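Please read them with the sequence and the structure side by side.

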Amino acid sequence: MRVHLIDGTYELFRQHFGQVSRHGDAGPNDAAIGVVSSTLQLVTGGATHVAVASDHIIESFRNDLYAGYKTSEGMDPVLLRQIPIMEEALVACGFATWPMVEWEADDALAAAAAVADADPRVEQVLIVTPDKDLGQCVRGTRVVQYDRRKDEIVDEVGVIAKFGVPPSSIADYLALVGDAADGFPGLPGWGAKSASTVLAKFGSIDAIPRSSGDWGLPALRGAEKLARTLSDQMADALLFRVIATVALDVPVGTVDDWRWQGPTEGFAAYAASLGAPDLGARAQRVFERVAR
C-alpha cells in the first residue's frame with residue numbers, strides 16, 4: 001500500500017488562490033470544498049490510506065520559543081474562517097483528519113510519516129506538500145514529498161539537488177538561512193550557497209568548526225565572517241534549529257486508522273449546506289467504485 005499524508009493548510013491556500021486566479025473571486029466556502037474535492041481525486045487515482053493535517057490554530061508551541069514566529073495576524077479572514085469548515089467537511093467525508101492546536105500540521109505529517117515508514121506493509125509514504133520543512137522527513141525513495149501543483153515527486157536525491165544537503169541537515173540549513181514564511185531570520189550573511197556548502201561537509205551546526213581555517217573550504221567567500229557570526233550567534237542558530245525541527249510525538253494513530261472507508265451518512269447534507277450539493281453524491285460514487 002501507499003500512504004498519502006496531506007498538508008490541509010497548504011491545500012486550503014492552494015484552492016483559495018486557485019479559485020481567485022481562475023475566477024477573480026472565491027465563494028465563502030470554495031477553498032474548503034476544493035480541499036475535499038481534491039482529496040477525493042487522490043482516492044479516484046488509487047489512494048487508499050489518506051490522512052489530512054491542518055493548522056486549526058496558526059499559533060503553536062513554537063510561538064513560546066521565539067516571539068517572532070508566525071501568527072495568524074494579517075492572514076486573509078476568508079481563509080481563517082474556512083479552516084474549521086475544511087476540517088469538519090473532511091471528517092464528514094470519512095477522511096482521517098488532524099486539526100493541530102499545540103503542534104503544527106507539519107508535526108502531524110512528520111509523525112505520521114514515521115509511523116508509516118515503520119510499517120512493513122507500506123510500500124511508499126507520500127507527504128503531499130512542497131513545504132521545505134518536510135524535506136527532513138524524506139527517506140530514500142520510500143518516504144517522499146509530492147507536490148500536486150507541479151505533479152512532482154521529491155525523493156532524497158531530489159532534496160539534495162534542491163538544497164545541497166541531505167534530509168538530515170534540512171533543519172540545520174533552515175536555522176542558518178532562515179524561513180520567512182515561518183518568521184525566523186536565520187543568521188546574518190548566511191545564505192543558501194554558504195549554508196549548503198558548509199553543511200554538505202559537516203552535516204550539522206554543532207559539527208562546524210569555530211574557525212573558518214578549519215573548514216577546508218578555500219573557495220567559500222566570506223568564510224571568516226560567517227564563522228564569526230556563527231560563533232557569536234550560536235544560541236540563536238540552535239534555537240532556530242529547534243524551531244525548524246518537526247516534532248514526532250504527535251498522536252496520529254496507526255496506518256489502519258487512515259484507510260478511507262467512504263463518506264459518513266451526514267456528508268451529503270453537510271456538503272449541501274456548504275453550497276456543494278453534488279459533492280455528496282460524488283463521494284458516494286467514488287466509494288462505490290473503489291469498494292468493488
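1. Helix α2 covers residues 30-44, which makes 15 residues. From its first C-alpha to its last the helix reaches 21 Å, close to the 21 Å expected at 1.5 Å a residue; the expected span is 1.5 Å times one less than the number of residues. Helices (H or I, at least four residues) and strands (E, at least two) are DSSP runs, numbered from the N terminus. Just after α2, Gly-46 takes a positive phi of about 120°.

2. The model is predicted: local features need pLDDT of at least 70 and side-chain atom pairs count only at pLDDT 80 or more, while totals for chains, interfaces and linings use all residues. Residues are numbered from 1 along each chain as its sequence is written, and side-chain values use heavy atoms, with hydrogens and water left out.

3. Is α2 largely enclosed or exposed? Since 12 of its 15 residues are buried, α2 is largely enclosed by the rest of the structure. Buried means under 20% relative accessible area, exposed over 50%, and partly exposed in between (1.4 Å probe, protein chains only). Among the buried residues of α2 are Ile-33, Val-35, Val-36, Leu-40, Leu-42 and Val-43.

4. Strand β1 (residues 2-7) has 5 of its 6 residues buried, so it too is largely enclosed by the rest of the structure. Two strands pair if DSSP finds at least two bridges between them. β1 runs parallel to strand β4 (residues 124-128), joined by 5 bridges, and His-4 stands opposite Leu-126 in β4. β1 also runs parallel to strand β2 (residues 49-55), again with 5 bridges; here Asp-7 stands opposite Ala-53.

5. There are 8 aromatic pairs in the structure. The ring centres of Phe-95 and Trp-260 are 5.2 Å apart and their planes are at 15°, so this pair is stacked. Rings of Phe, Tyr and Trp (its six-membered ring) pair if their centres lie within 6.5 Å; planes under 30 degrees apart count as stacked, over 60 as edge-to-face and the rest as tilted. Phe-95 sits in the loop between α4 (77-92) and β3 (96-100), and Trp-260 in the loop between α10 (234-244) and α11 (267-273), 165 residues apart. Phe-95 and Trp-260 are both buried.

6. Trp-98 and Trp-258 form an edge-to-face pair, 5.6 Å centre to centre with 80° between the planes. Trp-98 lies in strand β3 and Trp-258 in the loop between α10 and α11, so the pair ties together parts that are 160 residues apart in sequence. Trp-98 and Trp-258 are buried. Elsewhere, ring pairs link Tyr-66, Phe-184 and Phe-240 into a cluster.

7. How many disulfides does the structure hold? It holds 0, a disulfide being a pair of cysteine sulfur atoms within 2.5 Å. Cys-93 counts as buried at 0% relative accessibility, and Cys-137 counts as buried at 8%.

8. Ser-273 is found in helix α11. With a relative accessible area of 54%, Ser-273 is exposed. Ser-273 and Arg-285 are 12 residues apart in sequence and 20 Å apart in space, C-alpha to C-alpha.
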